[in-house]
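Me: I would like to learn how to read a few features of a fold. Can we start with burial?

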Amino acid sequence: MIAYIHGILTLATPYQVIIEAAGVGYKIFITPLTYGSLPHIKNECTLHTVHVIREQSNSLYGFLQPHTCELFETLLSVTGIGPKLALGILGHMSDNELSQAIANEDISALSKIPGIGKKTAQRLLIEIRDKLPAHNSSVTPSSVLPPTSKHAVSALMNLGYSQPNALKAVQKTLQSLPDDPDLSLLIAHSLKNI
C-alpha cells in the first residue's frame with residue numbers, strides 16, 4: 001500500500017489536499033489540524049498515508065506524523081468507526097488529547113466529538129485502550145487555550161504571523177463567533193483580524 005506521498009502541494013483546503021508526485025495528482029483527505037501545519041502551496045510536502053479501499057470508494061487519508069497515521073489505523077479497528085468518523089475524531093482532538101481522554105475513561109469528552117454518542121464512546125474506550133501507539137503513553141497536559149483556539153494560533157503561526165499577533169487575532173475572533181466554532185471558520189475569521 002501507499003505509505004507516504006512526497007511531492008508539490010498544489011491545492012489545500014481544511015479537508016483535502018492535492019499533492020503532485022511524478023506527474024500524478026493525489027487527492028488526500030486530511031483534518032483541519034493537519035491543514036493548519038501544511039507548507040504554502042507550490043512547496044514540497046510529505047504526508048504519511050492510509051489507503052482505504054471499500055466497495056464503493058478508494059481513498060487516501062494523510063497525516064504529517066507517522067504516529068497519527070498509526071492512530072488513525074487503530075481507530076479504524078474499532079467496530080462502527082469508518083474512515084470518515086476516524087478522521088473526524090482526529091480533527092476534533094489531537095493525538096495527546098485523545099490519549100488523555102481514553103486514559104482517563106472520559107466518556108463525556110469523547111461524546112462531544114461529532115458522530116460519537118455515548119455508546120460509541122464506551123465501545124471506543126473498551127476496544128482501543130490497549131491498542132494505542134506506544135508514543136501516546138505519556139500525555140502532555142493541555143495548555144490554557146481550548147484545543148480549537150490552540151490549533152488556530154498554530155495555523156496562523158505556520159502562515160508566518162508572530163505568536164502574539166496570532167493569539168490576539170484568535171482571541172478577538174472568538175468574541176464575535178459562537179461558542180466552540182469550527183476550526184476552519186476560526187482560522188478564516190482570525191486572518192481578517194490580523
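Reply: Buried means under 20% relative accessible area. This is a predicted model. Cysteine 45 has 2% relative accessibility, so this residue counts as buried.

Me: Is cysteine 69 buried or exposed?
Reply: Cysteine 69 is buried, because its relative accessible area is 7%.

Me: How many disulfides are there?
Reply: A disulfide needs two cysteine sulfur atoms within 2.5 Å. By this rule the count is 0. For cysteine 45, the nearest cysteine sulfur belongs to cysteine 69 and lies 13 Å away, and cysteine 45 is in no disulfide. Cysteine 69 is in no disulfide either; its nearest cysteine sulfur is that of cysteine 45, 13 Å away.

Me: What share of the protein chain is buried?
Reply: Of its 194 residues, 39% count as buried.

Me: How many helices and strands does the protein chain have?
Reply: There are 9 helices and 5 strands. Read from the N terminus, the order is β-β-β-α-β-β-α-α-α-α-α-α-α-α.

Me: Which share of the contacts joins residues 24 or more positions apart?
Reply: Count contacts with a separation of 6 or more: such pairs account for 51% in the protein chain.

Me: What about the surface and the charges?
Reply: The accessible surface is about 10,500 Å², and carbon and sulfur atoms hold 53% of it. The protein chain has 14 positive and 14 negative charges, with mean positions 7 Å apart.

Note on methods:
Residues numbered from 1 in each chain as written. Predicted model: local features only at pLDDT ≥ 70, side-chain atom pairs only at ≥ 80, totals over all residues. Heavy atoms only, no water. Buried < 20%, exposed > 50% of the residue type's maximum accessible area, 1.4 Å probe, protein only. Helix = DSSP H or I, 4+ residues; strand = E, 2+ residues; numbered from the N terminus. Contact = heavy atoms within 4.5 Å. Areas by Shrake-Rupley, 256 points an atom, 1.4 Å probe, with all protein chains shown as cover. Lys, Arg positive; Asp, Glu negative; His and termini not counted. Charge placed at Lys NZ, Arg CZ, Asp CG, Glu CD.
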